[in-house]
Amino acid sequence: MSNNKIELTKEQKLCVEQSLNSNLVIEADPGTGKTEVLKYRTLYIHQQNKKQRKLILILAYGRNIATEIRTKLKAEKLKVYDHLKKVLPVLVHKHTCSLNECPAYLENMKSLVLVCTIHSLANGINDLVIKKLFQEERKTKILVTTQTVEKKHGFVSIEDKNQKFVWKSRGAIRSRKKRLFNYLLSSIEEKHLNKTKKKVLWKIFQQSEPENVILSQISNPYLHYEIDYSRFLSQVRVFLPEDKELLTKLAECCCYDQEKNVWLDFDDIIANANNLVALKSQKIWPEFDYILVDECQDLKVEIFQLIIKIFGNNQTNFTFVGDPKQNIMGFAGARENIFSLLQQEFPHEIHNIIATSFRLPQEIAEFANNFIQKFMDYRASIKTIKSNNNHKPQIITVGKISDYLLNEEEQVAIEKELVDNPEIKKSNLVQGKIRRKKLDQHLETILPIINGLGNDTSKAILYRQNWIGNLLQEWLNEKCVMTNISELIVNEIIRKVRRNSTSHSLKEFPSLKSFLVSLKISENSIFQLKKIVQEIDENFETSSFLTENEVNNFIRQLEEIKKHQGITLSTIHGMKGLEADHVFLIFCDKKILPRKEKFTTDWEEREEKNLFFTAITRPKERLYITTSSSEECSDFIESSNLNLDLVELIVKYK
């Protein structure tokens, strides 16, 4: 093992060294070191099988957690892989020598560890079967995309309201069309498109009565989509008859897509893999000797069945780690109690509990335990070994109802906008104005706190609903505040510039701005970008074309931006499994968190409680919760539901 070995607690050590003859279920509270337990459990399995090759699979909740686990295991000199396709060549390669002294033989006998997400492994099995059994030569692509992903990659300006047509989605079919539309247009040069043409094309593309783009789900021999673009192309000829060059490009892209790609969605990946049970005897994919599953509380039943029937067999040893209080994926179908299913599937399982948190200070742990007792049906037993010097969680009321009423000037502006844009509903404009006024109050309250924390501490602003995140990033961008989303955009811009500045002839571009436009990089992607581009183009205006020095100068300035630690902006779902020194949970209002006042199903109500619990257990030092007004305050932080000895209530009015 490495020199960075930590001292395991008794709870952790009991889980790590549990007998490999029985399946193990670990119920672990927030911050109790689940990742470390998985790491040391894997090392224990490896040590117990030193002289025989075993296949060990670790299934992580997300790619970031999978990367973290791989990094920890590689530091322990284990053979770790991130994709099934990388493991397969190692499995088929065999050494003829069997002498114990032979280095090649000994290397070949080491256990192999695959660490990935469930969808990644299921997709790997899909690829194997689709290509080997069904002789499919097309590349599989996934029908999923989001506005957030596109913004992170800098493909669209956050401030560019003319781009909203691309992202507005109603229903799954339209969402899939959005993915296809973005894919087709990504390979068409900017000179053939402008915002007006994109808007016309999207209107044609997403039309549903009649369908201009037909997505037909095919189930034989496997679930996938066949796509018919013929009516879309014919409609483009009608609406853009003069633009023959664009039509030719679109036709080429549609033809290429039909010939080279086969489209699946995430549900298809899991369903296809589950449908392959009958093919296990053909040994197309490997079965694993040991399977360790992180965040098991968020498994859907079909994914649970996939793990035990497709990835493993009757001899597989399973370790499941999770926390029922953090089941927040009910909206995606994870609505069953996986811990009950585990008891049914493995009646002789060993059930261990880890309750000592290394993350939470005592003051926040007591607040979380009080919430469990008041709102949840679980044990309230989070223990901790740290304190934050009696800094209780702060619950801050940032304003009054009257602060959010529209004044006469704002009402006049809305009426004017209705005249200019009659297709917009007045109620939407009013709601948007009120939301912005509330956001101003929340951020004007917490930014002074954040600014006083120093650069050496991590800060995270969490929110329940996506519209809050969209307004939040826009607001902070206007105020020139660096965030994690800004950093992702910077990284993507640097990557694209470096890749294309070598392959493009820079002499084709009269300025840095024109070069960035050719790469579809908006200068409004982050607040500093426009200023940097203007200064570089002005300083080098004596040159008639873009130079390598200008590009290098641009990259250097972007690298400098990255050095400033940004504020993490995240939905509560996105912060799952992560932590920060200081956490700000904003807009803890009625109809936001929880998102309804009354629920029709138990799982919806349970999920809202679990989301709040997940949010308040992310901090390592301090927790701040804001609400818009006392009248709108969420039931979760309403004073009658609190132990007032455990919190600090702050009211901030103008």
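This is a predicted model: local features need pLDDT of at least 70, side-chain atom pairs count only at pLDDT 80 or more; totals for chains, interfaces and linings use all residues.
**Entry 1: α2 and α3**

I began with helix α2, which covers residues 34-48, and helix α3, which covers residues 63-74. I looked up how their axes meet: they come within 10 Å and cross at roughly 45°. That angle makes α2 oblique to α3. I also noted the handedness, and the crossing of α2 and α3 is right-handed.

Next I asked myself which residues make the contact. From α2 I listed T35, E36, L38, K39 and T42. From α3 I listed E68, I69, K72 and L73. Sorting the residues in this contact of α2 with α3 by class, I got 3 nonpolar, 2 polar and 4 charged.

**Entry 2: α18 and α19**

Is their crossing left-handed or right-handed? I found that α18 and α19 make a right-handed crossing.

For the contact, I found R435, R436, L439, D440, L443, E444 and L447 on the α18 side. On the α19 side I found W467, L471, L472, E474, W475, L476 and E478. By class, I have 8 nonpolar and 6 charged residues for the contact of α18 with α19, and no polar ones.

Note on methods: Residues are numbered from 1 along each chain as its sequence is written. Side-chain values use heavy atoms; hydrogens and water are left out. Axes are lines fitted to C-alpha atoms, for helices over the stretch in contact, and angles run from 0 to 180 degrees between N-to-C directions. Helices (H or I, at least four residues) and strands (E, at least two) are DSSP runs, numbered from the N terminus. Angles under 35 degrees count as roughly parallel, over 145 as roughly antiparallel, 65 to 115 as roughly perpendicular and the rest as oblique. A crossing is left-handed if the near helix is turned anticlockwise from the far one by less than a right angle, and right-handed if clockwise. Contact means heavy atoms within 4.5 Å. Ala, Val, Leu, Ile, Met, Phe, Trp, Tyr, Cys and Pro count as nonpolar, Asp, Glu, Lys and Arg as charged, and the others, Gly among them, as polar.
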